[in-house]
Amino acid sequence: METADESARHGRRAGHSNVSDQQLSDMDASLERICLDLLDDSLLPLVGDLRDVRDNAFAALEGRQYPRQSRRLYAIGARACGLLAGVAADRFSLHDAANRHVRTATMAAELAEDSALSAWIASVRCGVTFWQGRYRAAATIAQEARSAAPTGIEAARLASLEARAWARLGDRGAMDNALTAAQAAIDDDGPCAGVGVMAFPRSNQMRINATARLWSGQHAAAARELAEAIELLADEYNSSAHVAAGRVDLADAQLHIGTLDDVAETLQPLFTGTGAYLAGAARRMGGLVAELREQRFGASMVAQQLVEDIEAFVAAQASNRAAVHAAATPDRPLPR
């Protein structure tokens, strides 16, 4: 009887949860909103919101809940840390901070037992490594994660990122193999890790694949694909940052196959924009300036005007970045 009483006490304790299913659904809904807003909204408040969701998830995990609820909490924490990693690396070039977020996200995704989420976290890790200039390591991360990823969108994303890294390394054969795998994977049904900035529509895959072709010297093919991707991005993936990066890459391709007037037309929307923080586009602009200053364009007034406009754009982005940092307040600091 004493043993039976002990079993009853264990049952009462095991049957108690410190979090409700509704609370978990609210956290998931908050993350979905943030993922959508990160496409084209003010950055700093969203970083604060991400920290709140992350902190609430990990605080709940310190208590007791049903195993299925624990897996949901780990998934929420993984997505929040993965998104913070992307913001830290892509928008602020804080690669050490991004890697710390990624390590926690990787652990949490494994505990969530969600293969699509683990694949997305691997793509974030690949991206952070790529932005550090460690292209071979980025290709390896994507390649290894792709072998374990579920078929469909997440495998396609990893293959496209792998192709981009091989292109930077000048390995055309490996790049083509990865591009073929990317196209095959996205045609299959499969789970997606999330919405908004976590999604991977065909337009964004087309943009990344075209950029790989650009870096491998296939300028005409890259220009065609980038032009199509930019048109589709506005409908499928309304992100000013992705469209801006695509425009700079298209301008780069046009420098090799078109006229300076084409380049000016492609870049003009960036020069007359609304002041959004477009870090990715600004990073790419340095290569354009170097090419426009080459001897073949030396006497061109269009080239000189483009250099002035590009330098003004890059300076404005530096000011935007400083403004985002300056907007940090004690209750909404930038991610550590």
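Which handedness does the crossing of H2 and H3 have? The crossing of H2 and H3 is left-handed, a crossing being left-handed if the near helix is turned anticlockwise from the far one by less than a right angle, and right-handed if clockwise. The structure is a predicted model, in which local features need pLDDT of at least 70, side-chain atom pairs count only at pLDDT 80 or more, and totals for chains, interfaces and linings use all residues. Residues are numbered from 1 along each chain as its sequence is written, and side-chain values use heavy atoms, with hydrogens and water left out.

Helices (H or I, at least four residues) and strands (E, at least two) are DSSP runs, numbered from the N terminus. Helix H2 (residues 21-37) and helix H3 (residues 43-61) have axes 10 Å apart and pack at an angle of about 155°. Axes are lines fitted to C-alpha atoms, for helices over the stretch in contact, and angles run from 0 to 180 degrees between N-to-C directions. H2 and H3 are therefore roughly antiparallel to each other; angles under 35 degrees count as roughly parallel, over 145 as roughly antiparallel, 65 to 115 as roughly perpendicular and the rest as oblique. On the H2 side the contact is made by Met-27, Ser-30, Leu-31, Arg-33, Ile-34 and Asp-37, and on the H3 side by Leu-46, Asp-49, Leu-50, Val-53, Asn-56 and Ala-57, where contact means heavy atoms within 4.5 Å.

For H4 and H6, the axes come within 10 Å and cross at roughly 15°. These two helices, H4 and H6, are therefore roughly parallel to each other, and H4 passes H6 in a left-handed crossing. Residues of H4 in the contact include Ala-75, Ala-78, Gly-82, Gly-86 and Ala-89, while those of H6 include Leu-117, Trp-120, Val-124, Val-128 and Trp-131. Ser-118 also lies in helix H6. At 26% relative accessibility, Ser-118 counts as partly exposed; buried means under 20% relative accessible area, exposed over 50%, and partly exposed in between (1.4 Å probe, protein chains only). The C-alpha atoms of Ser-118 and Ala-75 are 9.3 Å apart in space, the two residues being 43 residues apart in sequence. Neighbours within four places in sequence left aside, Ser-118 is in contact with Ala-109 and Glu-110.

His-95, found in helix H5, counts as buried at 17% relative accessibility. Apart from neighbours within four places in sequence, the contacts of His-95 are Ala-89, Val-128, Trp-131 and Gln-132. Most residues other than glycine have a negative phi. Ser-93, although not a glycine, has a positive phi of about 55°. Ser-93 is placed in the loop between helix H4 (67-91) and helix H5 (95-112) and is partly exposed, with a relative accessible area of 40%. Glu-113, another residue other than glycine, has a positive phi near 55°. Glu-113 is found in the loop between H5 and H6 and counts as exposed at 65% relative accessibility.

Three aromatic pairs are present in the structure. Rings of Phe, Tyr and Trp (its six-membered ring) pair if their centres lie within 6.5 Å; planes under 30 degrees apart count as stacked, over 60 as edge-to-face and the rest as tilted. The ring centres of Phe-130 and Trp-215 are 5.9 Å apart and the planes lie at 15°, so the pair is stacked. Because Phe-130 lies in helix H6 (residues 115-131) and Trp-215 in helix H10 (residues 202-215), the pair ties together parts that are 85 residues apart in sequence. Ring pairs link Phe-130, Tyr-135 and Trp-215 into a cluster. Phe-130 is buried, at a relative accessible area of 7%. The charged end of Arg-164 sits over the ring of Phe-130, 4.0 Å from its centre, the criterion being NZ of Lys or CZ of Arg within 6 Å of the ring centre and within 35 degrees of the ring normal. Arg-168 lies over the face of Trp-215, 3.7 Å from the ring centre.

Gln-317, in helix H15 (residues 301-326), is buried with a relative accessible area of 6%. Leaving aside neighbours within four places in sequence, Gln-317 is in contact with Ala-276, Tyr-277, Leu-278, Ala-279 and Ala-282. Thr-259 is placed in the loop between helix H12 (240-257) and helix H13 (260-271) and counts as partly exposed at 43% relative accessibility.
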